[in-house]
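Hello,

Here is the structure I promised to pass on to you. Have a look at it first, and then read my notes below.

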Amino acid sequence: MSGGLSFATRLSGVLAVMLLLGCGLAAGLNYLKFERMLLEQQARVLEILAGELGSTVENSLALGVRLAGVPGAQALLERSRAAEPLIGGLTIADADGVVLFDTDRQNLGTSLPQQRFEALARQEAWRFRIGADYGIGAPIVNGFGQPEGAVLLRYDRSAVDERLAAALLAMVQATLLALAIAVPLGALALHLVTRRTRRWFAAVEEAMQPGAPPAPLAAGLQAAIGEADGVLRDAEGRLEEIAAEVPEELPEGPQTETLERAMT
Amino acid sequence: MTPDQSPDQSPDRSLVGRVVAVAVLLLTLAVGFVSHSALRSFEQELRPELEREATVVGSIGVQTLQRALDLGVPFHGLSGLDDYLASLLGAREGLAYVVLSDAAGRGVATAGQVPAAFAGIDAGSAAPDRGAVMRLQGNSYDAAQPLREAGRVVGWLHVGIARARVDSALDDMRWDVLIVLLVVLLATAEFLRFILARTVSAPIGMVLRLQGRLAQGDWTLRAPGGMGAEAGRVARHLNVLVRRMNDRWDRLCWLATQSGAARRANGVLDDVRQRLRFGVASVQEGLGAGASSARLPLFLFVFAEQLSTSFNPIYALELAGGQGGVMGAALPIVTFVAAVALFTPWGAGVVARHGPRDALLIGLVPAALGHVGAALATDLTTFAIARAICGAGYAIVTIACQVHLAQEAPRGRVARSLGGFTAAVMTGAVCGTAIGAVLADRVGFRFTFAFAMLLVAGTGLLVWRAFAAGGSSERKEMGLWRSARAAFAEPRFALLVIFAAIPAKVLLGGFIFFLAPLELRELGLSQAAIGRNVMLYGLCMLPAILVGAWLADRSGRGGLIIAGAGVLNGVALLLPLWIDRETALPLAIIGTGIAQGLAAAPMLAIIPGLSLLRNAPSSAAMLSFLRLAERFGSVVGPPAAAALFALGGGQHTMLVLGALSLATALGYGLALAFGRIRQGAAA
C-alpha cells in the first residue's frame, strides 16, 4: 500500500506523526503534572480545615472535657460541612477508631478500620484514600501530648475534575488547532523543499522511456542510453544489410559455434 | 557518480538539512503553542485554588478577631495583633503575609513580607457577604475579608499567598516542555534521516552507480526490487530499460543467425560486444543504505535503555525498603555495567557467527526481558538481575551496530559512518535520560520500564524489516584469548586502548558523572540547574562527534585528532588554575564534551583498518576489546575520583584528572610520532 506513496508524502506522514506525538506529549505530561498539583492544592486547603477543627476540639479538651463529651462537636461538624462544599463528610473518632461524632449520624458508634489511624501516633495530619474517596486525618491531642482521637475529613475530587476537564479541553483545542495548521503547512513546505529531488526522479524516469526528449537533469543516463542505442542501431542496420545480401558459404567450425553461443 | 553529476549538483544535496529545518521549525512552533496554552490554562485553573487557600486561612483569622469584636472589644483596642498575625502566618507554609488594615485601608498590624505595591481596600468599598475580595498584590494573591462592628466594616484581614509556588511549578513545566521538545526534535531528525536514506539518498546513489556502469557499457545489471516511492518506479523503469536493450541484443543475435553471411554477421556482433555487455547478472545491485539503517534502531534502543538512568538508584532504594543503603542503590548499576563488560567479547562472537542483523535480534531479546523483569521486580536482587540481563542485551546490540556500521561504511567515510554510532548513542542517551525522568515523575518507575520494553520490541520490528541479513564473518574465529593476544600485540591498538580509550572514560566517569554534580552542588546550584549544567556535556559532544568524524575522514589523521582532543580535555580540567570555579566548572564540562566528541569517531575508525592487518582478529573482536577497555575506564573513574576527592577536595581532583588527560594524550601523540618515524626509516 505504502509502496505507491511518494517520499515527500512519507516524510509528511512522519512529520505529522511527530507533531502529534510532540503536541500530545507536551499536553499529556503537563496535564498529569497539573492534575497532581491541583489534587495537592485541594488537599492543602482541606488539611487546614481539618486542622482547625482539630484545634477547636483540643481547646475543649484543655478545659477538662472528655472527647466524647465535647459540647457542640456534632453541630460544629455539620456547620463546617455546610460551609465548605468540597467536604464529603466529617468524623470525630477516638484513638480506638470508634466514631463519636459524624455528619452521617448512621455511623455513630461504629468502628473505623485501624489502618486509617496508623499515622495518628506521629501526631501530624495525614492523608488516606478509600476507593474513589480521598480523606485527611487531623490528630486530636490532649494537653499531655497524648493522642485522644482524630478528625477525619472525607472529600471527592469532583471539583478538581471539573478544573481538570476545563484545562484538558483548552489543551485539546490548542493541540487540534496546532495540528490543523502545522500538518498541512508541513506537507506544503516538504513538498517545496523536496521539489528538486522529485524533479530529478521524474527526469530519470522520463529519460528511460523510448524516444524521450533530452532532459538536462538526467543527461548522464541519457548519454549512456544513447550510446548503447547508437551501437545497437548501427549493428542492426549492418546486420539487416548483410541479411539482404546473397548468402555466403559458411564453413563448419568455430565461427558457427560462436553464432550459436550468441543465440543462447 | 558520473562526470556530469558533481557533488554540488547531486539531487539530494542538503535535502536532509532542509527537511530537518522544516520539521524543527514546525515542531517548535506547534509544541510551543500547545505548551503556552497548557501553561496559561494551568495558571487560570490553579489560581482559584490558591485564592481558596488564602480565603480559608483568612477566615480562621477573621473568626478569632470577629469574636473579640463581638465581645465588645473596639477595633482600635485589639491588642497582641502582631503576635497573633505572626502565629497565623507561621502555622501555614507558602503564605507571603498577613495584614490587618482599618476601614480606610491603612495598615494596623502586619506579619511576613508585604509587597511594596500593597494597597489596602479603599474606604467605602462594598464588603462581600461571604468569602473574600480577591486581588493580585505584587507577586501575591491577596484575599481580604471584612471585620464588622455593629454591622459596619471597621477593618480588613488580608492574607497573601506568594505566586512563587505557581511560578516554580510553571518553571518546572517549562523545563519539561523544553525537554519534550528536544527529545521530539532529535527523534524526528533520526526518523527523517532514516526515511530519506532509504527512499532518497540510497536510491539516488544506486541509480548513479548503475548509470556509471551503463556508461561503461554494462547492460547486465539489475536494480533491486522492493523499493517504494519514486525510487521504486525508477528501479522498475531501469530494469525495463535493461531488459529492452537485452531484447534488442537477442534480436541482433537472431538476425545474425538468419544471415547467410555468418562471418560478417559475427564480426558485427563482436563489434557490439567490444563496447557493450549483455545478459542478466546473477547478483542484484545492492541499495547501499546499510550504514544509515543502523542509526535509527540504535537510537531507539539506547533511548529505551536510558529511560531509567535518572531513577535506577532511587528505584533500587525503594525496592530495598531503605535497607540497602548506598551500596544497594549502586547494585543495579554495577550489575548492568559488569554484564555489559562481560558480554561484549561474547557479543562480538555472536556478531561474527550470525551477522549484525541476527545478532541485533538476539541481543534485543534479553534487553526486552530485562525491562520486563525490572518493571515486575519485587526486591533489589530481582531488579539487579534484571538490569544485568539488560546489560547483556546492550553489549550484543551495541557491538552488532558498530560492526554493521564499520562493514557498511563507504571508503573514505569510515570515521563519519562510525561517528554515526556515537552520535546515535549520545542522542538516544540525552533523549532517554531527559524524558525518562519526566515520564517516571508522571507515570511511575514500573510503567517507564514497561514503556522501555515496548520501545525495544519496536526496535526489534524495525531491525527485522529494515536490516539486510548477512554480514557474518567468513574468517575463522580465533577464540577469545587468542583474539585478545593478537589485538594487543598490535602496538597501535594497545596504545589506543591505554593512552586514549581508558583515560577518556576515566575522565567521563570521574569528572562528569561523579565530580561535576558534587562541585556544582557545592556552588549552591539547585538540582535542576546541576542537571542542566551536566547536560551541557552531551549537547556539546553531539556536534563535536560530527566535526571529529569529518576531520578524521578529511585529513586521515585520526590519531592526531585523538591526541589533540586529550590535550583539550586536560586544559579544560586545569581551568580552575586560572579562573574562578563558577566559570571554570561549566567550561570544563563543555571542554570535556567537545574533546570526547572529537575523539569518539576517530577512535572507532582506526579499528577496521587495524583488523585488516595480518594475524589481527576480526573487526568485531577488536571493537569488543576497545569497548571492554572503555567499560574498565568507566568503572575505575568514579572511585578514583572519589578517592582523590577525599584526599584533596574537588579542585585538586579536577587538576589531577586534567594532568592525567594531558600526560596520556601527549604520550599517545609522541608514540604515534615515533611509530611514524620508524616506519619512514624502515621504508
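**What I found**

B:E630 is buried, with a relative accessible area of 10% (buried means under 20% relative accessible area, exposed over 50%, partly exposed in between, with a 1.4 Å probe and protein chains only). Its partner in a salt bridge is B:R627, with the closest N and O atoms 3.4 Å apart; a salt bridge here is a side-chain nitrogen of Lys or Arg within 4 Å of a carboxyl oxygen of Asp or Glu. B:R627 also counts as buried, at 13% relative accessibility. Helices (H or I, at least four residues) and strands (E, at least two) are DSSP runs, numbered from the N terminus.

Before going on, please keep in mind that this is a predicted model, in which local features need pLDDT of at least 70, side-chain atom pairs count only at pLDDT 80 or more, and totals for chains, interfaces and linings use all residues. Residues are numbered from 1 along each chain as its sequence is written, chains are lettered from A and ligands numbered from 1 in the order in which they are written, and side-chain values use heavy atoms, with hydrogens and water left out.

**Chain B**

Chain B has 17 helices and seven strands, and 55% of its 683 residues are buried. Beyond its neighbours within four places in sequence, B:I179 is in contact (heavy atoms within 4.5 Å) with B:A434, B:I435 and B:V438. B:I179 and B:V438 are 259 residues apart in sequence, yet their C-alpha atoms are 8.6 Å apart.

**Chain A**

A:T91 lies in strand 1 (residues 87-94) of chain A and is buried, with a relative accessible area of 1%. Its side chain makes a polar contact of 2.7 Å with that of A:D102. A polar contact is a pair of N or O atoms within 3.5 Å; within protein, one must be able to donate a hydrogen and the other to accept it, and residues adjacent in sequence count only if both atoms are side-chain atoms.

A:D102 is itself buried, at 1% relative accessible area, and its side chain meets that of A:R154 in a salt bridge (3.6 Å, N to O). A:D102 is in strand 2 (residues 99-102) and A:R154 in strand 5 (residues 147-155), so the pair ties together parts of chain A that are 52 residues apart in sequence. A:R154 is among the residues in contact with A:T91 as well.

**Where the chains meet**

How many residues does each chain give to the contact? Chain B gives 103 residues and chain A gives 90 residues. Between chain B and chain A there are five salt bridges. One of the salt bridges joins the side chains of B:E49 and A:R163 (2.9 Å, N to O). Helix 1 of chain B gives the most to the side of chain B that touches chain A, with 26 residues.

I hope this helps you find your way around.

Best wishes
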